[in-house]
Amino acid sequence: MAFSKNFVWGAATSSFQIEGALEADGRGRTVWDAFCEKPGKVHGGDTGAVACDHYHRSKEDVALMREIGLQAYRFSLAWSRILPEGVGQVSEAGLGFYDRLVDDLLAAGVQPWVTLFHWDYPLALYQRGGWLHEDSPKWFADYTRVVVDRLSDRVQHWMTLNEPQCFVGLGHQTGIHAPGDQLPQAQVLLAAHRVLVAHGLAVQTIRQHAKKPAVIGWAPTGDVPVPETNSAADIEAAREAYYTVRNGSVWNQAWWLDPVFKGEYPAQGLEVYGADAPKFTAEEMRTIRQPLDFLGLNIYNGYHVRRAADGSVEQLPRQLGNPQTHMHWNVTPPALYWGPRFQWERYGLPIVITENGMSGHDWVALDGHVHDPARIDYLSRYLRELRRSAADGVDVRGYFQWTLMDNFEWAEGYRYRFGLVHVDFNTQKRTLKDSARWYGELIRSNGATLPA
Ligand code: GCO
């Protein structure tokens, strides 16, 4: 079993989590700037004010990527650094930062993969109605045009949105992420619909204006149901659980992916959401369903299910003392087999793992190194499962480790470290963890150093 010869190995970050410099060069505020200022919203009152100070240290960080041996780097653009008001006047300073970053990446032999939106929504647009505003898709398309005009002569890999389930669900339904709204479900689903139309318009914009052939995808997320046994009944139960829409939640696959890949909302979802489902036009559904080149998947964990005697899907309890990451996420390597397999079977697009990784108890040891054997074991187990999915016929094209370096973990602040590189947030000193060197060897062997 092996990974395909053109398999892409990378690492991922996002703008608000690493850049800092929130006031620099006319950057506009975002919903996360404001959310961090609300007492009790972010652990310890942490903010993105400095983070990894990547805005001022990007050359050092690109050098780290080269030292590790990354082939590609997935990063997001801060919309409000480029358009401080979200629309209108472009900030040359903000756009210039990404222009130089792309040049530095290419000079280092690292392929830039750009995510257009990773949650840091311009506050000025939120104050005008945000994703609920009927113009929000056009705002996103206009931003995309500015970016494509400047970067598409060198950037050829694009993702429109990162984890709409998160920024719509956590940001507008449960309120535990920015902007912190708890809206009625009908409004949440209207926001979700506008987000999907925005995705479609952005894809059209890239296709129409990119200066080089564009490879376009997006990066939804979700926990993966893992069948308890390999019986057809348990596999079908897991598949059913993965694509079921549940009333009161947008944490699902089909409500988001069926419009993008099939041009329709799932009938089961329309049934359970009922009158809360958005009104939509055939033209909007055609806009959403733009042809994509890959399906990005952010997969961290799963849960075990089986077909119960009464025909229902039964979720099985955790085993006592099962392995968990520092953030108490269950370690479930088969999630990286079944997620890619189920998505490949349903939608038929090449799969790129756009995020996978773990938070660890990482610190600099007395010997000056950061020893993270748990992360090496975690990644080994998950990547063996991904390799197995490829051996079983899934067209897997790439893998981006979450994350390049320890960073701002949203409402959890800085207490959970996901990075291949340790960051001392007081001194900004970067230290490659053992897993970074391990990952470099893996990349150079195209996965051959993984245990059988
Ligand atoms: C996500 C986000 C990342 C997170 C990472 C760890 O998937 O939630 O894309 O920004 O930091 O997943 O939670």
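**Ligand site and pockets of the predicted model**

An oxygen atom of the ligand lies 2.9 Å from an N or O atom in the side chain of Asn 162, a polar contact in the sense of a pair of N or O atoms within 3.5 Å. The model is predicted, so that local features require pLDDT of at least 70 and side-chain atom pairs count only at pLDDT 80 or more, whereas totals for chains, interfaces and linings use all residues. Residues are numbered from 1 along each chain as its sequence is written, and side-chain values use heavy atoms, with hydrogens and water left out.

Ligand oxygen is also placed 2.7 Å from a side-chain N or O atom of Gln 17 and 2.8 Å from one of Tyr 300. Taken alone, the ligand exposes 320 Å², of which the protein buries 95% (Shrake-Rupley method, 1.4 Å probe). The ligand is surrounded by 13 residues, the closest being Gln 17, Glu 163, Tyr 300, Glu 355 and Glu 409 (a heavy atom within 4 Å).

The ligand sits in the largest pocket, with more than half of its atoms within 2 Å of the grid points. A pocket is an open set of points on a 1 Å grid over the protein atoms alone, where a 1.4 Å probe fits, with protein on both sides within 12 Å along at least five of seven lines; lining residues have an atom within 4 Å of a point. The lining of this largest pocket comprises 25 residues, of which Glu 163, Cys 166, Leu 170, Trp 251 and Trp 329 lie nearest its centre.

Definitions and conventions:
Polar contact = N/O pair within 3.5 Å; in protein donor to acceptor, adjacent residues only side chain to side chain.
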